[in-house]
Amino acid sequence: MIIAPFFYIFSLILLPPSKNNTNVPKVIVQPTIAPEPPVTKDTKFIYLTFDDGPLIGTSNCIDICLNQKIQATFFEVGLHQAGGPKAKALYNRILQNPDLFVITNHSYTHANGKYKDFYHHPDAAFLDFEKAQHSLNITNNIIRLPGNSAWNTTVLKKSSGLVKPVVQRLDSAGYNVMGWDVEWGFNKQGKPLESAEKLAQMIDSTFAHNHTMTKSHLVVLMHDHMFRTSVDSAKLATMIGLLKKNPNYQLRKITQYPGLKNGGR
Ligand SMILES: [Zn+2]
């Protein structure tokens with residue numbers, strides 16, 4: 001969940017050269033989304049969220065979700081998007097697919113990895129989110145705190161003493177704060193800790209035990225950089241394939257989560 005800032009810088013340096021000439025206008029092919037099946041009493045909603053991009057790995061996340069025609073949410077970091085043309089191109093690819101993807105606010109600096117210091121200065125932290133909101137051109141009011149799973153919507157209220165002052169400021173300014181129910185963790189090398197099968201089991205089990213913040217709605221936290229190699233991104237594709245096999249599961253964007261202030265806008 002928490003990554004040292006050097007990892008970001010390292011990752012940005014490692015962003016591979018773009019294969020496309022950015023001066024040539026691209027033809028954007030919009031994926032067709034299959035109509036969603038009707039909602040029944042057994043329907044369960046899953047919100048896949050990718051944090052900390054744009055980074056190396058973001059491209060694979062986009063490709064896999066496009067190929068599988070599934071909806072997903074990208075909680076982006078302003079500083080990473082401002083990191084250069086390759087980062088901006090990734091950001092633009094997400095924006096170009098609004099039927100499937102939404103970009104949400106994950107701060108400008110990601111606290112520079114110094115979480116306690118960041119949350120001990122709630123006015124500065126609030127301004128950091130505002131800066132990200134503008135620099136990322138975000139059109140919704142959904143925020144995720146760096147390194148912290150706090151929740152604040154019209155119905156959900158959950159925050160530790162450390163982050164409560166900034167959550168209160170965000171609340172007053174009309175923002176929702178979204179945490180997560182299940183995390184696909186990563187090791188020191190930034191590779192997925194659990195197998196695709198294990199992650200799908202964790203999701204099934206969390207629903208079965210009613211351990212989600214909102215009944216029948218489950219938010220999954222992942223990080224873009226976990227899927228930067230072909231071996232690890234294949235795990236993401238496998239995990240999504242397993243979820244799609246369950247006819248009761250519907251994958252949605254976080255803007256569709258129930259109880260958001262002002263409907264998430
Ligand atoms: Zn993060």
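Predicted model: local features only at pLDDT ≥ 70, side-chain atom pairs only at ≥ 80, totals over all residues.
Asp 52 belongs to strand β1 (residues 44–53), whereas His 106 sits in the loop between β3 (101–105) and α5 (115–119), so the pair ties together parts that are 54 residues apart in sequence. Asp 52 and His 106 are both buried.

The largest nonpolar core comprises 38 residues, and Leu 48, Ile 203, Leu 236 and Met 239 have the most contacts inside it. Helix α2 (residues 58–68) supplies the largest share of this core, with 5 residues. Apart from this core lies another, of 16 residues, including Phe 118, Leu 145, Val 166 and Val 177. Beyond its neighbours within four places in sequence, Leu 236 is in contact with Phe 50, Cys 61, Ile 64, Trp 184, Met 222 and Phe 227.

In one of them, Arg 93 meets Asp 63 at 2.7 Å, N to O. This pair connects helix α4 (residues 85–95), which holds Arg 93, with helix α2, which holds Asp 63, across 30 residues of the chain. Asp 63 has a relative accessibility of 29% and therefore counts as partly exposed.

Another salt bridge joins Asp 123 and Arg 169, whose closest N and O atoms are 2.6 Å apart. Here helix α6 (residues 122–135) is linked through Asp 123 to Arg 169 in helix α7 (residues 164–172), 46 residues apart.

Asp 232 forms a salt bridge with Lys 191, with the closest N and O atoms 2.8 Å apart. Asp 232 lies in helix α9 and Lys 191 in the loop between β8 (182–183) and α8, 41 residues apart. Asp 232 is buried, because its relative accessible area is 1%, while Lys 191, at 31%, counts as partly exposed. Together with Lys 235, these two residues are linked in a network of salt bridges.

Two single residues complete the account. Gly 241 is found in helix α9 (residues 230–245), and its C-alpha atom is separated by 9.4 Å from that of Ala 196, 45 residues apart along the chain. Thr 214 occupies the loop between α8 (196–208) and β9 (217–223). With a relative accessible area of 17%, Thr 214 is buried, and its side chain makes a polar contact of 2.6 Å with that of Tyr 257.

Technical notes:
Residues numbered from 1 in each chain as written. Heavy atoms only, no water. Helix = DSSP H or I, 4+ residues; strand = E, 2+ residues; numbered from the N terminus. Buried < 20%, exposed > 50% of the residue type's maximum accessible area, 1.4 Å probe, protein only. Polar contact = N/O pair within 3.5 Å; in protein donor to acceptor, adjacent residues only side chain to side chain. Core = buried A, V, L, I, M, F, W, Y, C linked by side-chain atoms within 4.5 Å. Contact = heavy atoms within 4.5 Å. Salt bridge = Lys/Arg side-chain N within 4 Å of Asp/Glu carboxyl O.
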